[in-house]
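Okay, everyone, thanks for coming. Let me put the sequence and the model up, and then I'll walk you through a few parts of it.

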Amino acid sequence: MPRQRALLFPSRGSSARNPPPPERAEGEEEQEEEGVEVAAGAGAEEEERWSTILPELLGEILRRVESSDRQWPLRKSLVSCACVCRRWRQVTTGVVGPPRDTGTITFAASLKQPGPRDLPIQCYIKRNKNNNTFCLYLSLTHTFMDKGKFLLAAQRFRHRAHVEYIISLNADDMSQRSNAYVGKLRSDFLGLNFKIYDSQPPFDGAEPLTNRVSRRFASKQISPQVPAGNFEIGQASYKFNLLKTRGPRRMLCTLQCPAENSRKVHQKIPRPDASGSDAGSVVLKNKVPRWHDHLKCWCLNFHGRVTVASVKNFQLVASSNPNRAGDGAVDVYEPVLLQFGKVGDDMFTMDYREPLSAFQAFAICLTSFGTKFACE
């Protein structure tokens, strides 16, 4: 009886949820340790079996899978191949080209790589006014009704004098301490000036934002080999409309992009600065719409990608002179690097190309939401 009572009512040093293990004979302990070693050895043997495939054969298999599955959801099989073992993951990432060359988004790292040089990547954003969330999807067809591939999510939070948008890989987890955290967007009191922060440094030696919130992060999804934090990578600002004249918004964006990503995008894009880092500044301005006398409104050619008139609609082009942003001095054949427009009550299209990444384009589009009394 005393022994049974000791099991039902554990001593002060133990707990009811975690009772002390019962005493076992020496032979039983040796057998259990051997069982653990056998299980671990079986897992290592299984991984080694997959990794011992001939490199030529493995590369040929993954190349055929990559070429046969160009769009989602079929592209899910390529991601499954990368999850087999470490060697398969290395070969798969070597076979899959960046979005700039292939025009496809496969892994999470593709969200922070520049888009294609020629044809833009077409996406759309769904807004939920009930919880102030915005979800970015990759368009799988040319219609606006398809169920796209989820890419990123953002949620708006108000902190006294400013507003923040937390951007995450998981729509159900918007914490800055989460593994899914990829960056944030922060505005001033008037909602005219925004700063874009990345969870990973844009170049070697970049200094993170120093405040109490950003001291510790656990972001490991995009680039696990570098420390996580809040690194400023760009700014977006809207011109203050002092006279309250009617007209479209005028915006200017300055982004930090790797030097190799900002070359040959357009002749008017500034050259990378000589600050000692490998990052250059890319300046974008909105393409000013033309006044249509018959329709009595401002118009831009979105090539069928925008169907609803809204002050939020915009097109961004390269700029060589930030002081003349939005003054209408834009070449008719200026290539549009990012366009954003409304197609429904809570549906918006987003098309981007090099040198912008999906993360940068999404952050810029988020600045368009919200009423801006000081510029319209």
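Helices (H or I, at least four residues) and strands (E, at least two) here are DSSP runs, numbered from the N terminus. On that count, the protein has 7 helices and 14 strands.

Some housekeeping before we zoom in. This is a predicted model, so local features need pLDDT of at least 70 and side-chain atom pairs count only at pLDDT 80 or more, while totals for chains, interfaces and linings use all residues. Residues are numbered from 1 along each chain as its sequence is written, and side-chain values use heavy atoms, with hydrogens and water left out.

So, confidence. pLDDT is the predictor's confidence in each residue, from 0 to 100. The protein averages 75, and 65% of the residues score at least 70. Residues 212-220 fall below 50, and that stretch has 21 contacts (heavy atoms within 4.5 Å) in the model beyond near neighbours in sequence. Residues 259-278 are also below 50, with 40 such contacts. Where pLDDT is low, the predicted coordinates should not be read in detail.

Now the overall picture. Of the 376 residues, 41% count as buried, where buried means under 20% relative accessible area, exposed over 50%, and partly exposed in between (1.4 Å probe, protein chains only). Looking at contacts between residues at least 6 apart in sequence, 59% join residues at least 24 apart.

Next, strand E4, residues 162-168. Is this strand buried or exposed? 7 of its 7 residues are buried, so E4 is largely enclosed by the rest of the structure. His162, Glu164, Ile166 and Ser168 point one way, Val163, Tyr165 and Ile167 the other.

And what does E4 pair with? Pairing takes at least two DSSP bridges between two strands. Strand E3 (residues 149-159) pairs with E4 in the antiparallel sense over 7 bridges, and Gln155 stands opposite Ile166. The E3-E4 hairpin has 2 residues between the strands, and Arg160 there takes a positive phi near 50°. Strand E5 (residues 181-187) also runs antiparallel to E4, joined by 5 bridges, and there Ile167 sits opposite Gly183.

Last stop, helix H3, residues 55-68, where we find Ile61. Ile61 counts as partly exposed because its relative accessibility is 34%. Together with Leu54 and Leu57, Ile61 forms a nonpolar patch on the surface.

That's my tour; over to you.

Terms used
Patches are made of residues with over 30% relative accessible area and no salt bridge: like charges are joined within 9 Å, nonpolar side chains (Val, Leu, Ile, Met, Phe, Trp, Tyr) within 5 Å. Accessible areas come from the Shrake-Rupley method with a 1.4 Å probe; for residues, only the protein chains shown count as cover. A salt bridge is a side-chain nitrogen of Lys or Arg within 4 Å of a carboxyl oxygen of Asp or Glu.
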